[in-house]
Amino acid sequence: MIELFLVRHGEAAQSWGEHDDPELSSLGCEQAKQAAVAVDRAAPKELVLVSSPKMRAQQTAEPLAELRSAPFIVQPAFREVPSMTDLATRQAWLQNLMRSRWSEISDAAVLEWRAQILSNAAAIGHHTAVFTHFMVLNVIVGHIRGCDKVLQFWPDNASVTHCRVIDSELVLVSLGVQLDTHIN
């Protein structure tokens, strides 16, 4: 049995529609420190740290990497959902996606992104903390629940969703804290 901690990145300094790869805001940096403490307390001593390539995810991983004196590995499979639109229409595209069902989606890039997340999560062979994004968490939780809806829950910034990998099957232990505010 493998422990898997999925950490949504802390609050970004700009919204998804304003910047392609924003850093964390000052609040996001504090949230990252709090997430590091929470994961450190809950996780086994031997823990691999993995991050999305996006800056805000990497910055969220840094406090736990420092606390554990361990590097994190950048893993493109856990990146945010690929959008084929420009920044101006990106938020509307994402909102439409969140209202969808996976069986309705025909965008090959989005379907491949989802498949990569699920295959990489199921193949994790060590206790792992993954620093990632809102939609990645929804992909994994929806798969575990066997639910076709894209949007499963609203993970808050720096929330920690705890799963397990048992014989290559993902199992949900607990959802992270849910969002009180809008997604930016």
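Reader: What does buried mean here, and what is the relative accessible area of W113?
Author: Buried means under 20% relative accessible area, exposed over 50%, and partly exposed in between, with a 1.4 Å probe and protein chains only. This is a predicted model, where local features need pLDDT of at least 70, side-chain atom pairs count only at pLDDT 80 or more, and totals for chains, interfaces and linings use all residues. Residues are numbered from 1 along each chain as its sequence is written, and side-chain values use heavy atoms, without hydrogens and water. W113 is buried, at 1%.

Reader: Which residue forms an aromatic pair with W113?
Author: Rings of Phe, Tyr and Trp (its six-membered ring) pair if their centres lie within 6.5 Å; planes under 30 degrees apart are stacked, over 60 edge-to-face, the rest tilted. The whole structure holds two aromatic pairs. One of them is tilted, at 6.5 Å centre to centre and 40° between the planes, and the partner of W113 is W102.

Reader: How many residues apart in sequence are the parts that this pair ties together?
Author: Helices (H or I, at least four residues) and strands (E, at least two) are DSSP runs, numbered from the N terminus. W102 lies in the loop between helix 3 (87–98) and helix 4 (108–122), and W113 lies in helix 4, so the parts tied together are apart by 11 residues.
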